[in-house]
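This report describes a structure for a reader who has not seen it before. The sequence and the model come next, and the text follows them.

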Amino acid sequence: MPANNFEYYLLMPYIVIGVGIILSVILEISSKKSKEYLPWFSAMLFVGTAIYSILNVNQSFVLFSGMLEVGGKSAIFNTLFNLSAALIVISSIDYLKKYEANFGEYYILIQSSVLGMMVMASARDIFMVFMGLELMSICFYVLAGINRKKASANEASLKYFLLGAFATGFIVYGIALIYGTTGTTSIQNLVENFVGYSSNILFVLGMILFFIGFSFKIATVPFHMWVPDVYQGSATTVTGLMSTAGKAAAFSVFIIMLNAVVSYGAPHFFKSYFAVIAALSMVIGSIIAISQDNMKRMLAYSSISHAGYMAIGLAAGNKFSIAGIIFYLAAYAFMNIGAFSVISIVEGKDDSRIGIKSFAGLQSKSPFLAAMISLFMFALAGIPPLAGFFGKYYVFFGAIQADLTWLAIVGVLSSVISVYFYIRVVVYVYFKNSEEEFEIESSVGTYTAIIVSAALVLILGFFPDILLGIITSSIK
Amino acid sequence: MITSEILTYLLLTPIITSVLVLFFKNDQVKLIRWFGFGSSLFAFVVSLIAYKQFDQTNPLFQLTHHVVWIKSLNVSYSVGVDGISMLLILLTTFLTPLTFLSTWKAIEKNVRMFTFSMLFLEAGMLGVFMSLDVFLFYIFWEAMLIPMYFIIGIWGGERRIYASVKFFIFTMFGSLLMLVAIIWLAVYSASITGFFTTNLIDLYKVGPTVPHQIQAWMFGAFFLSFAIKVPLFPLHTWLPDAHVEAPTAGSVILAGVLLKMGTYGLLRFCLPLFPQSAIEYAPIISVFAVIGIIYGALVSMVQTDMKKLVAYSSVSHLGFVVLGIFAMTIESVQGAVIQMINHGLSTGALFLLVGIAYERTHRRDIAFYGGIAKLVPVYSTFLMIAILSSVGLPGLNGFIGEFLILLGTYKSSVLGSAWFSVFAASGVIFAAVYLLWMYQRVVFGKVTNHELEHELTDMNTREILILIPIFVFVLWIGIYPSTFLKMTELSVQTVLQQVSAYSVNIIK
């Protein structure tokens, strides 16, 4: 079936970002002042795409003989990726100057990675998933080491590349086995005949390899080893993007594959797999985070434990918990981007001032930043009525509905542990006196990102139905 | 059901004013103080209007206001009061302005944020007492932790960080398990009634049908959360730390209202939602309550720090309340409710008085004081009244509560033994020992410490004005308790009917 005009029309967001990338490259080459325009150009691109996607959420179509699906869940994910990227881009403007990595390529790479994520979330064919994944990952490898003069950034980039490539190897091998046993790469086909195919041990092995590869990408225990080093070494804004939109993209693939569990009754084995990685990630992530003194490293472990909470939703695998994961991803994105933006302001040159001690007495230096980081920490800890609480609530709800009450109990217990290190930040910010003197440089872009994130954290907390309504209607 | 929006206005008053506080400049200290006091006073007036609309002869929830909040979870903003919660709401709005007055001198640092926290806290406490949706209740229950955490952590004493973090994590631990139980109940209700619900009135019908084995777990999860807040022995260890490190205003609110949220939760949720388990475990819980009464009293006796002494006396007094609730007779539960109010008033007054002395001398150890009767006669008299009220002298409020609890426990068929009452009664005697002994050491005799002579000045008008309203109620409850007992009588009966309807299943 040849593609028609209508299909191209529906493909608008992808085309817009693609054209945006080309335009940005031309702009970058042709103008020396491009660095000043590129962030705002990218932000406009992202915001426009986000608005387009959310407005067309009900127009769900499968395009190109089942390669892509636009609208529905994909549209929600596209909105999330673009909004996150927009926030990251505007908070990068002043940060990159400080970080001595004010390159135009930065913005182009972010645009490409977002395109990759969008392809991943919309893909309905394993090869499309793989293309999207690689587009996103390769951009991230470069972004992690965007400042090539920094040893920590180089280390992060190399580690991320090696382990990421390793994970990709798993995925490719998995895909090979899946294709070899079934003769198809269409996710629709795989999902519908999941139970039948599962009688073949090689298919199950392929799926396991595929899932393990993506478990790397969402940063769950025991595939989490790369996370702390990469999150710590990368530029703070890049970490903000990797840990939110990047994670969401990997989760979107899980969610598509999990249709098998929701609608067609996949073997119990896969449920147990997710239950185990969920429990391990929550507990281990929370416990290790307690002893971290570096804010970025602490948030890296917190990111592992949050991946665990979201994986509860995968284990539960009912409609409610899937909706819960998507809500959680959105809530997590805004809390985390907000937190990383605050860190990026406090952070000094040469990786200084990212320790928790530098946050001591922040309240006297900048009451605004103090209030904001506390808000994000309370939200990450899951204190109601902030966005993070509802994310947890929905996945726990799904888990209890699916008779996984034990997993919900493990979840709440690790939440109690995690409260300790989140409020530790608040202790430093409000209860301790400043130990080092430095000026907080205000930045219009970053402050805007922080305010928007905070507003979204509050709105999603007080009126969770706005988003959950859209999500539930998109999950049929 | 009588519907009214007055409770929503009452809830909104501190929320709106707490946001308004943030628009003041941080150095407009005086203005901010008056604003905080004024708005909490305004909230008190609103609560009096609510009380005027409240109908004592109606045993159901009244003044209800219902707005759908989260459709997908069938959660609604649903508030309403019965006699018990009305009384506790009045206690909250009554104590908050007084605590604001008490901070005039004590809080110098970042007054704007303090006022914000206090008003935010008041909103949280009011929300807890008026929620008729378990989910909404949980949100207020948790959200209220944040301001209290800041109050202890920013304006507290030396070990404030330890105390505030301990307070936060202890409470969070209990309440998160309650969250699992709440979700479980909502999911279970879907299997019974066909839709998720967290509405309390609907859950009252669902709760008792939970299979026996699971009900015990549900009851346990709710109970643990409330028992930590009360705090019931042996979960009380956060309390002395929090009390001692908190500023006076924090201690007053903590003792006066926050602890009551635990006992209120037992009465509102644990008993009616899981009546079979409540009856089954009542004797065990009562044993812990009695241990708490005696243990709290004995530990108080050996304290050298006045504030710590009052803090441990809370463990003892709250033990009475828990005992009264789980004895499940009209008298004992009525007594427990009155005792909640009493403890709020008398312990609040004691903390205020200790705070007044501390503001002047910056010392709280009993040994530092001695013979202050001659130096500060008014202060000594006020301290005497507060202590006698806490001891339970007939004619003052403490007596009514403790007497009713002991009487009710004595003839309780759920507990089935008079020994509970006998042992608990010893707590009353111990209370007299530790409080009067402290009074003797602090107030009587010769002036032991000459620093006191120029440091310790008598109470000023503001401080007298804070305590007079408290003492009015101390006397009122002591002399004519019917005003208050009548208010709660029908509500207590309703709760007990809900429980006794299921008692047959257990006693066979």
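In which loop does P231(B) lie? P231(B) lies in the loop between α9 (212-229) and α10 (238-245) of chain B. Helices here are DSSP runs of H or I with at least four residues, strands are DSSP runs of E with at least two, and both are numbered from the N terminus.

This is a predicted model, in which local features need pLDDT of at least 70, side-chain atom pairs count only at pLDDT 80 or more, and totals for chains, interfaces and linings use all residues. Residues are numbered from 1 along each chain as its sequence is written, while chains are lettered from A and ligands numbered from 1 in the order in which they are written. The model scores ipTM 0.86 and pTM 0.90. For chain B the mean pLDDT is 86, and 98% of the residues reach 70 or more; pLDDT is the predictor's confidence in each residue, from 0 to 100.

**The two chains**

Chain A has 22 helices and 2 strands, and chain B has 21 helices and 2 strands. The C-alpha atoms of chain A fill a box of roughly 65 × 55 × 40 Å along the principal axes. For chain B, the C-alpha trace spans about 75 × 55 × 40 Å along its principal axes.

The radius of gyration is taken over C-alpha atoms, and the globule rule is 2.2 Å times the number of residues to the power 0.38. For the 476 residues of chain A, a compact globule would have a radius near 23 Å, and the chain's 21 Å agrees. For the 508 residues of chain B, the rule also gives a value near 23 Å, and the chain's 22 Å agrees.

A residue is buried if 20 or more other C-beta atoms lie within 10 Å of its own, exposed if 12 or fewer do, and partly exposed in between, with C-beta atoms placed from the backbone. In chain A, 61% of the 476 residues count as buried. In chain B, buried residues make up 61% of the 508.

Two residues are in contact if their C-beta atoms, placed from the backbone, lie within 7 Å. Among contacts in chain B between residues at least 6 apart in sequence, 80% join residues at least 24 apart.

**Core and interface**

A nonpolar core is a set of buried Ala, Val, Leu, Ile, Met, Phe, Trp, Tyr and Cys residues joined through C-beta atoms within 7 Å. The largest such core has 390 residues, of which F327(A), L329(A), F376(A), V457(A), C270(B) and V322(B) touch the most other members. Helix α16 (residues 319-346) of chain A gives the most to this core, with 21 residues. Leaving aside neighbours within four places in sequence, L329(A) is in contact with L80(A), A248(A), F251(A) and M310(A).

Elsewhere in chain A, I90(A) is found in helix α4 (residues 72-99). I90(A) is buried, because 25 other C-beta atoms lie within 10 Å. The C-alpha atoms of I90(A) and G445(A) are separated by 4.8 Å, although these residues are 355 apart along the chain.

Between the chains, 25 residues of chain B are in contact with 25 residues of chain A. On the chain B side, α5 (134-143), α6 (145-155) and α7 (160-193) each supply at least two residues. The largest share of that side, 14 residues, comes from α7(B).

**Strands and backbone details of chain B**

Strand β1 (residues 62-70) of chain B runs antiparallel to β2 (residues 75-81) of chain B, and 6 bridges join them; two strands pair if DSSP finds at least two bridges between them. V67(B) stands opposite Y77(B) in β2(B). The two strands form a hairpin with 4 residues between them, and N74(B) in the turn has a positive phi of about 55°.

Most residues other than glycine have a negative phi, and most peptide bonds are trans.

| Site | Feature | Value |
|---|---|---|
| V230(B) to P231(B) | cis peptide bond | omega near -10° |
| F233(B) to P234(B) | cis peptide bond | omega near 5° |
| N110(B) | positive phi | about 50° |
| M328(B) | positive phi | about 60° |

P234(B) is found in the loop between α9 and α10 of chain B. N110(B) is in the loop between α3 (83-106) and α4 (111-130) of chain B, and M328(B) is in the loop between α13 (306-327) and α14 (330-361) of chain B. N110(B) is partly exposed, with 19 other C-beta atoms within 10 Å, whereas M328(B) counts as buried, with 25 C-beta neighbours inside 10 Å.
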